[in-house]
Every structure is written in C-alpha cells, then in structure tokens.
Amino acid sequence: MQPIFLLICLIPVGYVLGSIPFGLIVGRANGIDPRTAGSKNIGATNVGRLLGSKFFFIVFTLDLLKGLIPVAIASLIVDQIPPIERDWRVFMAWLSVGAAAVLGHMFSLFLRFKGGKGVATSAGVMLGLFPYFTWPGILSAVVFLVVFKISRYVSLASMVAAAAFPVIYLAVGVGIGWPVFGAQLPLLVFGLLIPLMIVYRHRANIARIRAGTESKVGGKGVGGRG
C-alpha cells in the first residue's frame, strides 16, 4: 500500500481523535462543566483554574497527545519514504493529519463543532513532525515559558509562542539547509496558518488583556482564562 494513501487514511482518524473533548470529560468527572464555568472554555487553562493545577496538566497532556499520536504514526509512515523522494505531496498529506487533529479540537465532532483554542493539540502536532517542527516547537515552548514567567498570562504566552514558531522554523530551516521554500513549502504555510488560527481563537483574551481584566496565573482567582 502506498505511503501517501496510508497518510490520507489517517486524516479522518486525526480529526476524530482531535475531537475528543478531554477538558469536558475531566471536568464532568469532577463535578463541573467547563463550558458553563470560568471562561467557558474546555481547554486545560480553564479546567485548571476551576479544579486545580493537577487537572491543568492532565488535560494539557491529553490534548497534546491528540495531536502527537496521529502525527507520530504519520511520521513513521513518512520515514519509509527516502528523503529525496519526499515531495510537496508527501508533506501535504503528512500535515493534513496534524491539521485534522487541530481542527477536531477547535471544531469538535462531539460538541456541535465547537471546541477549544488548539494550543496543546498544536504543540503535539509540532512535536510529532520530527525533525522539521520538533526543534522549532521546543524552542517555541521556551518562548512560552519566558513570556509566561514575565507576564503570568497563559493566553499571551500562548499567542507569542505561536507567533514565534514560523520565525524559528524559518531560522532553523535556513540554517540547516532544508528546502523551506521548495519541497517543504507546505510546512512553512502550515507553520503560518496554525498560529493565525490560535491567535484568532484567543481574540476574547486579547480584548480582556487590553481592558486589563484578563486573569493571571498566581493572581487573584488562581489560573488564567483559557
């Protein structure tokens, strides 16, 4: 069976897996519905604010795995293709698996096509696209930690890290000699589109930050608005 065909078969799998609302499942198992409490978001930040930091890490890890697992499987398939034969079609099919997982989280099949903001799931996708997105993803995580340490805003740190990702990818790619404007062009386009979607999904947070009403982690009312 052709690798590209296998990758295409993984796309709906990625979407369904990405659609699993772990934040809602964990919240309801502990007596709260994150859709009607806090910032009314099913993401890890809101669940952590409502239930405690332990639950933030549980939901964040589960949401990250939704992106990592299907893309890691896709990566194993791509590994069977010699690097010289990895043209734009291979990268498009590979990326589509990750995009499906992120879109599943943002527009869940199980929540009438509503969902979270996609930060953790996108992080999983980045880590799974080894090595092209893995190293830039790790460096973007460092950006997240620095911004979060300074601002204590999870939302702001998420947006800055997302915006930094394509810049870091370009720098790493050019430095290593990857064909970032050739066969890997789909990676660059994807690396630009996902951060744009993440920032768009944070538009309410942007308004609260500008108004000075966004909650800070460690501030009044533990946790930030997810």
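How do the axes of helix 8 (residues 154-176) and helix 10 (residues 203-211) cross, and within what distance do they come? I looked that up to start with: they come within 10 Å and cross at roughly 120 degrees.

**Ground rules I noted.** I'm working with a predicted model, where local features need pLDDT of at least 70, side-chain atom pairs count only at pLDDT 80 or more, and totals for chains, interfaces and linings use all residues. Residues are numbered from 1 along each chain as its sequence is written, and side-chain values use heavy atoms, with hydrogens and water left out. Helices are DSSP runs (H or I, at least four residues), numbered from the N terminus. Axes are lines fitted to C-alpha atoms, for helices over the stretch in contact, and angles run from 0 to 180 degrees between N-to-C directions.

**Helix 8 with helix 10.** I wrote this pair down as oblique because of its angle. My cut-offs: under 35 degrees is roughly parallel, over 145 roughly antiparallel, 65 to 115 roughly perpendicular, and the rest oblique. The crossing of helix 8 and helix 10 is left-handed, meaning the near helix is turned anticlockwise from the far one by less than a right angle. Then I listed who touches whom, with contact meaning heavy atoms within 4.5 Å. Ser155, Leu156 and Met159 of helix 8 meet Asn205, Ile206 and Ile209 of helix 10. Sorted by class, that contact has 4 nonpolar, 2 polar and no charged residues. For the classes, Ala, Val, Leu, Ile, Met, Phe, Trp, Tyr, Cys and Pro are nonpolar, Asp, Glu, Lys and Arg are charged, and the others, Gly among them, are polar.

**Helix 6 with helix 9.** Next I checked helix 6 (residues 119-128) and helix 9 (residues 185-201), whose axes come within 11 Å and cross at roughly 165 degrees. That angle is why I call helix 6 and helix 9 roughly antiparallel. Their crossing is left-handed. Helix 6 brings Val119, Ser122, Val125 and Met126 to the contact, and helix 9 brings Phe190, Ile194 and Ile198. A reminder to myself: an α-helix has 3.6 residues a turn, so residues three or four places apart point the same way.

**Val143 and Val160.** Val143 sits in helix 7 (residues 134-151) and is partly exposed at 23% relative accessible area. Leaving aside neighbours within four places in sequence, Val143 is in contact with Val160, Ala161, Ala164 and Ile168. Val160 belongs to helix 8 and is partly exposed too, at 32%. With residues up to four places away not counted, Val160 touches Val143 and Val147.

Most residues other than glycine have a negative phi, and most peptide bonds are trans. I still found a cis peptide bond from Phe130 to Pro131, with omega near -5 degrees. Pro131 is in the loop between helix 6 and helix 7. Arg112 has a positive phi, near 55 degrees, and Phe113 has one near 65 degrees.

Technical notes. Helices (H or I, at least four residues) and strands (E, at least two) are DSSP runs, numbered from the N terminus. Buried means under 20% relative accessible area, exposed over 50%, partly exposed in between (1.4 Å probe, protein chains only).
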